[in-house]
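Please study the sequence and the model shown below. The briefing that follows is arranged by topic and is meant to be read alongside them.

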Amino acid sequence: MIYLPENLKKYRVLKDLTQEDVAEYLGITPQSVSKWERGVSHS
């Protein structure tokens, strides 16, 4: 089973998006996206 950290980074890179792009789209901070990708936080 693949979890959020692997999927988030894989598809972000495939779509040529930065963590800032994803954060802006979701209305969250880039730091949150970074934590999700590192598996530090799942909330």
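**Briefing on the predicted model**

Asp16 counts as exposed because its relative accessibility is 70%, and the cut-off for exposed is over 50%. The structure is a predicted model. The protein chain contains three helices and zero strands, and its elements follow the pattern α-α-α along the sequence.

**The chain as a whole**

- Of the 43 residues in the protein chain, 23% are buried.
- The protein chain exposes about 3500 Å², and carbon and sulfur atoms supply 56% of this area.

**The loop residue Asp16**

- Asp16 lies in the loop between α1 (4–14) and α2 (19–26).
- The phi of Asp16 is near 55°, which is a positive value in a residue other than glycine.
- As background, most residues other than glycine have a negative phi.

**The nonpolar core**

- The largest nonpolar core is made up of five residues, namely Leu8, Val22, Ala23, Val33 and Trp36.
- Two elements, α2 and α3 (30–38), each give two or more residues to this core.
- Val33 belongs to this core, and when residues up to four places away in sequence are not counted, Val33 touches Leu8, Gln19, Val22, Ala23 and Ile28.

- The buried residues of α3 are Val33, Ser34, Trp36 and Glu37.
- These residues lie on the same side of α3, because they cover an arc of only 160° around the axis.
- The buried residues of α3 pack against α1 and α2.
- The exposed residues Gln31 and Arg38 are carried on the face of α3 that is turned away from its buried side.
- Just after α3, Gly39 takes a positive phi of about 75°.

**The salt bridge**

- How many salt bridges are counted in the model? The count comes to one.
- The side chains of Arg12 and Glu37 meet in a salt bridge, with a distance of 2.5 Å from N to O.
- This pair links distant parts of the chain, since Arg12 is in helix α1 and Glu37 is in helix α3, 25 residues apart.
- Is Arg12 buried or exposed? Arg12 counts as buried because its relative accessibility is 12%, and the cut-off for buried is under 20%.
- Glu37 also counts as buried, because its relative accessibility is 12%.

**The surroundings of Glu37**

- Glu37 has its place in helix α3.
- Which residues does Glu37 touch, not counting residues up to four places away in sequence? The residues are Pro5, Leu8, Lys9, Arg12 and Gln19.
- Among these contacts of Glu37 are Leu8, which is part of the largest nonpolar core, and Arg12, which is the salt-bridge partner of Glu37.
- Gln19 is touched by Glu37 and also by Val33.
- Pro5, another contact of Glu37, is found in helix α1.
- Pro5 counts as buried because its relative accessibility is 13%, and the cut-off is under 20%.
- Pro5 and Glu37 are 32 residues apart in sequence, but their C-alpha atoms are 4.1 Å apart in space.

Terms used: Residues are numbered from 1 along each chain as its sequence is written. This is a predicted model: local features need pLDDT of at least 70, side-chain atom pairs count only at pLDDT 80 or more; totals for chains, interfaces and linings use all residues. Side-chain values use heavy atoms; hydrogens and water are left out. Helices (H or I, at least four residues) and strands (E, at least two) are DSSP runs, numbered from the N terminus. Buried means under 20% relative accessible area, exposed over 50%, partly exposed in between (1.4 Å probe, protein chains only). A nonpolar core is a set of buried Ala, Val, Leu, Ile, Met, Phe, Trp, Tyr and Cys residues joined through side-chain atoms within 4.5 Å. Contact means heavy atoms within 4.5 Å. Accessible areas come from the Shrake-Rupley method with a 1.4 Å probe; for residues, only the protein chains shown count as cover. A salt bridge is a side-chain nitrogen of Lys or Arg within 4 Å of a carboxyl oxygen of Asp or Glu. The arc is that of the directions from the helix axis to the C-beta atoms.
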